[in-house]
Structure formats: C-alpha cells, structure tokens
Amino acid sequence: MHVPDGFFDAPVSLAAGAVAAGAVAVSLRGAKRELDDRLAPLAGLVAAFVFAVQMINFPVGAGTSGHLMGGALAAILVGPYTAVLCLSVVLLIQALLFADGGLTALGVNITLLGVVAVLVAYPLFRLLTKTLPRGRSSVGIAAFVAALVSVPAAAVAFTGLFAIGGTADVPLGRVLAAMVGVHAAIGLGEAAITAMTVGAVLAVRPDLVHGARDLRRPLVLRTTRTDAGVAAASAGVAAAGAEAAPADAVEAAGAAGAGRRSARPVWLAGLAASLLCAGVLSFYASQELDGLERVSTDHGIMEREREHDLADSPLADYELRDVDNGLLSGGTAGVLGVGATLAVGTGVLLLVRRRDRDRVPSATTTGAGPNGAGRESRGSDRGDSRSAPDAG
Amino acid sequence: MTSNPSPDVPGPSPDVPGRRPSLEVSGLAYAYPDGHQALFGVDLTVRPGERVAVLGPNGAGKTTLVLHLNGILTAGAGRVVVGGLPVARENLAEIRRRVGLVFQDPDDQLFMPTVREDVAFGPAAAGLRGTALEERVTEALELVGLADCADRPPHHLSYGQRRRVAVATVLASRPEILVLDEPSSNLDPTARRELADILRGLGTTVLMVTHDLPYALELCPRAVILSEGVVAADGPTADLLSDEPLLRRHRLELPYGFDPRSVPLPRP
Amino acid sequence: MSTGHTHKLYRHGSSPVHRLPAHCKIVAVFAFVLVVVATPRAAVWAFGGYALLLVAVAVAARVPPGFWLRRMLIEVPFVAFAVLLPFVAEGPRVEWLGLSLSESGLWSAWNVLAKGTLGVAASVLLAATTEIRELLLGLERLGLPPLLVQIAAFMIRYLDVVADELRRMRIARASRGFTARGPRQWAVLAKSAGALFVRSYERGERVHLAMLSRGYTGTMPVIDRLTAGTAQWAGAAALPLAALVLCLLGWLL
C-alpha cells in the first residue's frame, strides 16, 4: 500500500506531510519519555526488525504470498510512540533508498501505514486486554482484533484523503468499497500473523510485549548461598509477595481461558468490531453505489493489491457479481465479511484455547508445534506452491 | 575463600610505590532489581600494566562485575576505583573513558556506519574534534593493524577484524584499563593469534573475562577465579590451572590433552 | 512491494551529481517531484520536458540507462493499476478497439502514470548517486530531528545483521524439512518473526550498553557536517527551477 507520487494532488500531499510531521514530533517526545537514552538504539533495531519482517513471505497458496505491514504488531510490541517512529523511519528509508513509495507521498504513507494503523490498533488492543479476562489467550485475541481492524481503518483513511485530493476520477463509494473490502481480507492475514507473532514473543520474553506488561510471570528464586543470600531472598520474597496476587490472577485467567468463560466477550468484541466495519462500509456504499453494470470496476483498485495475501479470495471483489441490486450486493458482501471474520476469529480462539490447555502441564515450552498443520495433513496438491525465499 | 589481594598478590609486576592501582574493587556486592543477587563481595586489585584473567563458569557473575567497572551498574555495597577515581555518578564520563570495555559480540559494539566513525565515537563524545580526533582514530586503528579499513562499513569486515576494530574503538579513548569480555570467542586460530599479539603489544592494563583457559594462560600472568559472586582464587595463572581440584570445584575445565605445566609461561 | 528492499540502489561514481552535497540533492529532488505533481495533467508536453530534464541529469551522473530502467521496475504493480483506471472511472466514454473507456479515466491513468514514473525516476537517480551515510547527514542538515536520523542510522547499520539472522532461521527451518506452503505454516513463520523481534530488541539493549560504555549521553557527537556553497546550491537548483518554468508554462498555456 505504498502510495506513489501523483496519486494525490500537491495540497493533500503537503497537508498529509504536516500531519505526519506532527505525529512524529509527538511520538519523539512520548518515546523519549518511555525509553530515555535507549530510544535511538532500541527504535533503530525495532525498525530493522519491521523492515526485515516485511521480507518474510507468508504463503497464501497457489504460489502467491503476502507479507506483514507491521503497524499493529509494532504498536503492540513496543508501544504506540516508538511504533510510529519505527514505521516512519522504515517508510522514509524505503522512499529514499528504494524508491518504494513516492517522495511527495511520504506524508500520506506515514499517515496511513504508521499513524492511522497505530492509532487504531493500539487503543483497541489496550481496551480489549483490559476488558477481557487476564491471560495470554486474551492478549492473542486482542492482538488479532486490533490488527484486523487497523488495516481496513487505514483503507478508510486512504479513501478520506482520496475524497479530498485524489487525482483519479473514480466514484468515492467504489473506492471505499474496494479499498475496505480488499483490506478487510488482507487484515485477516495481518491479524492472524500479528496474533501469532505476539504469542511467540509472549512465550519467550513476555516483558518485551509493551501492550501486555502486566502479564509478567512471578520471579523464581534459587539462592545457593545461605549467609549472604538472605538479604536477596528476603527482597525476593517481598517482590514475589507483591507479584503473587496478579500472578495468581494470570494463572486463573489462563485456566479460565481454557474453559468457556472467556469465549463470549471475545465473540461479542469481534462481532462489534466487525459490525462497526461493515456499518461504516455500507453507510458510504449505500450513498454512492449506483448500480452494478460495471462490476469489473472494483477490480481496478484491487488489482494493485494483487500481490497481497488473500486478494484472490471471493471477498476481494467485495461485491457479488450475480446480485443485481447494488445495495443488496454490498450488504450481502458485508455480512459475508462479518461472517468470515467471526469464523476465522473463532478458529483462532479455538486454536489458542487448545494450545493453552496443552501448555498448562509444561508451562515453559516455547509453544507447541503448529497445531493447525498437525491436525490435517492433507498434502497440498498445488505443484507450484513452493516456499518463497524469505529475503528478496 | 575470598583472598585479600593487597599483601600477597603474586602478580609479576613489581609493586611500584607511589603508583596507584589501575583498578581497585573492594567488597562489591550487587543484586539485580528483581532480587537476584549476582555479586557477594568481590575484592580485586589490578596494578598498572598487569594483565589479569577473570575465570569462571557461566553465571558466576563475570558480566555483572564487568558492568560495574564503568558504572553501568551501580554497586549495592562496596566500591570500585579506577586509577584513583571512584566510580560514581558525578564522574561517569571520565570513568567510561578510563575503562575501555570490549563486548563479546563486535556487532553490538560497532554501531556506527563506518569503522572510522565508530572508532571516533568515544573520543568525540569526550569533546575531541578536528585533526586531534583524526589522529586518535588513525593511532587506534594502527595499533590493531587495520588502518586501511577506516572507511569500510563494519559488516563488511571478517569476524576477527571486527573484534580488532572493537578493541580499537576503546583504545581511541586511551583507557587506563582495557576490559575484554570473552575476547577469543568465535575466532579462528589465526584471528585468535593476531588478537593475542596485539593485546600483548599494547602495554595497557588488561582485564580479560573468559572461560578459554589456554588463552588466559597465554596472555595473562595472573588470574582470578570468580565463582558464585566472589573471588574464589587469585594467583599465577599457571598455578591455578594446574590445580585440578580447584578448577573442578568451580566448573572450569582444561581442553583435552592440555597440560599447563608443559607450555612456556607468558611474558609479563 | 516485497521485492527490492534488499538491493541497494547506490552506484559508485564521481560525477558532478555524485559530488553535490546530499542535502542539496534531497531538496532538489523533492522540489522537482512536487512541481511535477502540481503540473496540470493536460500539459502533456511539460511531462516530456521533465523526462528530458531527468535524462540530462542521468547523463551528467553517468548512470547507465540499463541500470536506471532496471531499478524502476519497482513501479510495475502500480502501472498495472493505472492501466485499469480507464475502465473504472466515471464520465463520458470513448470507444477504442471495441472497449468502452472512460475519458476522464484515461486522463487519470495518464496523470498517475506520468507523475508516478517521474517520481520514481527522480528518486532512483537520488539513490543511485548518494551514499546512505550522506543521505542521513543530508537529512540531519535539513532539520530532520537528530533522534530520528539516529534511529534511521541504527536501522540501516543493523538491517544486514537482522536480515542475516532471518536467513539463518530460514536455513535452519529448511534443514529440518520445513516448507511453507500456505496459511497452515503461518504459525511457524510467525514464531520466526517473534524470535527475530526478541533477538533484535535484545541486541538493541546490548548496543545501548556498548554506547554508554563509550560515553553516550543521549546525543551523537557531530563529527561530519555537510556544507554547501552557493555554486553547489545553484547546481542543485537547476533541476527544480527548470521544471518550475515548465510547470508555469503548463498552467499558463
């Protein structure tokens, strides 16, 4: 979704540049407050990570693959301020060194992929982790939903900018429908990968997940020396005592996560988020759609996103080709989208729950193997679906 | 068996009266914020020009000790004095100039885009500019034999070269004492030899943290064993390495077939 | 989008363009692209003029056409998009080879294609004639917050290190018989991504310690500072000024 030069007119490009500059300035102050003089090396390494993670190809099948955009992931892992900085730097370097994304569109790109994605993902993530029962599965679900919503949100913002200063003469409703439809699908991939990546970090270094710092494990003390060790032990006991209550809560929540209780709020949150998306979508769509003689149209905007994951899914076209009524068609696609979102969400939930149940006896194993892969080993019959090289 | 180092240090360098020790650590104890205590009263004195190896198994507190020497960690009890200057918040800048810390992974240490900028970082942070800075950089790079690599990016160098540049980056600040964390790790035999020659030729005080016992024997006349957060033994490296029960007690082991009595003793 | 991140566009040389201070070049390219974007799309000849200007710069910089054009492949996905615009857009339609094309869509396609291509071409020229390090110094000289420049510098310094770790993980996965075929293997790839994050973050912490050990107090010592004389500024300004003349003519004529 790197916007090139010439896509937006000069005033919008400059205005977005100002917005991006403001956001970066605010983030610099916020991040400096959080990280102090550690900011430069840490943010630099995280930016390198974001850059590298965009090089990991996640195969979708049939030889196509997509990759992570990383806004939600960065926000959850290192916090919103540092995330905005990292993404801005990545986009800046991509534009300057690789001519990826236009120079005048840099402001637009930072605003969409950095600021909007982070501003949507992080508050949503915090809200969900606060409302859901404490525990790792909740963090995974919150990460999933946050990433899922952040991608179409950036698409909505794109449409907003397009409405003000887009240079192509394409009806707004169509742009919105296509952008949001495609990006809702892309968002599913982004969401699954983000949730799994956050889960992987959580399993090894839970303290490094900025958005889930309250989930730390209690300290284990193993002092061998008795004389000098007493002070340390007592200090440790105090610390353990302070941590004991939340730690119990975590364990309890983990156990609950394996049971029934945590499922309903997740479902409700997912439903709410999806309906929100679909609602916004159909609101605009119903205002602008004028019939379906040219269904192929929506294909246009989507074609650009072909290299992204899931572009081949039926929902990518957003509107059903065979339905004659624009409103109905848009609505049906929206409902289907919500359904698919919920289905995948439930699938992830089930997977996470199973994994958590597996984990209860041996707490520290770094995550069992890919359950999904083990469950059904119907070999893929696509001849050309070899693993794509990670680094381009 | 914490030994008191001052009266009976068997170190080969003569006790020059009037010259203060390069490094004095006394009663150093430290617990991490999470309550884990790593040091339980370390005593260690290193005189100017000495090369001392700090031996110890993993988890003995070696790295914790090293991070105290330049004030990255602050002692919970006891004190560290570098060349007469106590490690304290108000003189951290000078302490960090005096203590040249070479980290284990040169990629961590070489964080600037080119070798030249990296070597210049320390002196420049201390305020040096212009030709004086340029001379420092050249001098340090010549000491490690890499003057012709100044304008290359660090990641284009071999691992051995990177380790040597890492040494140059701290030499550029003309440290009172050079502290090396596992200097021989990941080096091939030639790079190992080259680094040893350089370190021997410097004449600087060296504190070398390692569990590469033959390397310690080759370079350092004196060694201390750090075990469970205290100095468990202090003496001539050859003597310590010949004391098999002592080594075994502290989870140290010589490579198969290596006999410390059969190799030439290191020159002081 | 996923390709091209790994090769560097820089091409070593000592042409007058290479020797211009980086901040002059950044300003010049940015102003040029801005002028291009602000040009009315109907002034077709103006875009031809811009292209000639860029060719002149490329000749002065001794960037061979093959090198230049190959680097421009990055815009292919978006060319595909522009080609579709005539089918998508509104307005009166024209018949061409039996296809019904929107007139304004054709103009939009031309607009996006011409401006985007010129933008990519100018960026590629900048990247081909400016070293990364100079680019960063130039950005700092132009008033980008030093902290942001530091972050960018660290990112570039460690990009290879991090990418190497990624490569090693991939080899380790492949050596144990792993091939990624579809979404069912995502969990494994996500674990690699998670491990990569932990390693990157921990390296960041170690780098910070190494910096502290050498006297870092939050600001990088400024060793090099780019300076530009009037002549150099004038040389760099030639491109956007010539473009501005074309742009104004485009609006007036």
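**View 1. α8(C) passes α9(C) in a right-handed crossing** (right-handed: the near helix is turned clockwise from the far one by less than a right angle). This is a predicted model, where local features need pLDDT of at least 70, side-chain atom pairs count only at pLDDT 80 or more, and totals for chains, interfaces and linings use all residues. Residues are numbered from 1 along each chain as its sequence is written, while chains are lettered from A and ligands numbered from 1 in the order in which they are written. The helices (DSSP runs of H or I, at least four residues) span residues 146-175 for α8(C) and 186-213 for α9(C). They pack at about 145°, axes 10 Å apart; axes are lines fitted to C-alpha atoms over the stretch in contact, and angles run from 0 to 180 degrees between N-to-C directions.

**View 2. Who meets whom between α8(C) and α9(C)**. From α8(C) come V162(C), E165(C), L166(C), M169(C) and R173(C). Across from them in α9(C) sit V188(C), S192(C), A195(C), L196(C), R199(C) and S200(C). Contact here means C-beta atoms, placed from the backbone, within 7 Å.

View 3. Residues 44-61 are 94% helix, with end C-alpha atoms 26 Å apart. For residues 109-130, it's 95% helix and 31 Å. Strand (E, at least two residues) is 0% in residues 44-61 and 0% in residues 109-130.

**View 4. Where chain B touches chain C**. Chain B puts in 24 residues and chain C 20. On the chain B side, α5(B) gives the largest share, 6 residues.

Conventions
Contact = placed C-beta atoms within 7 Å.
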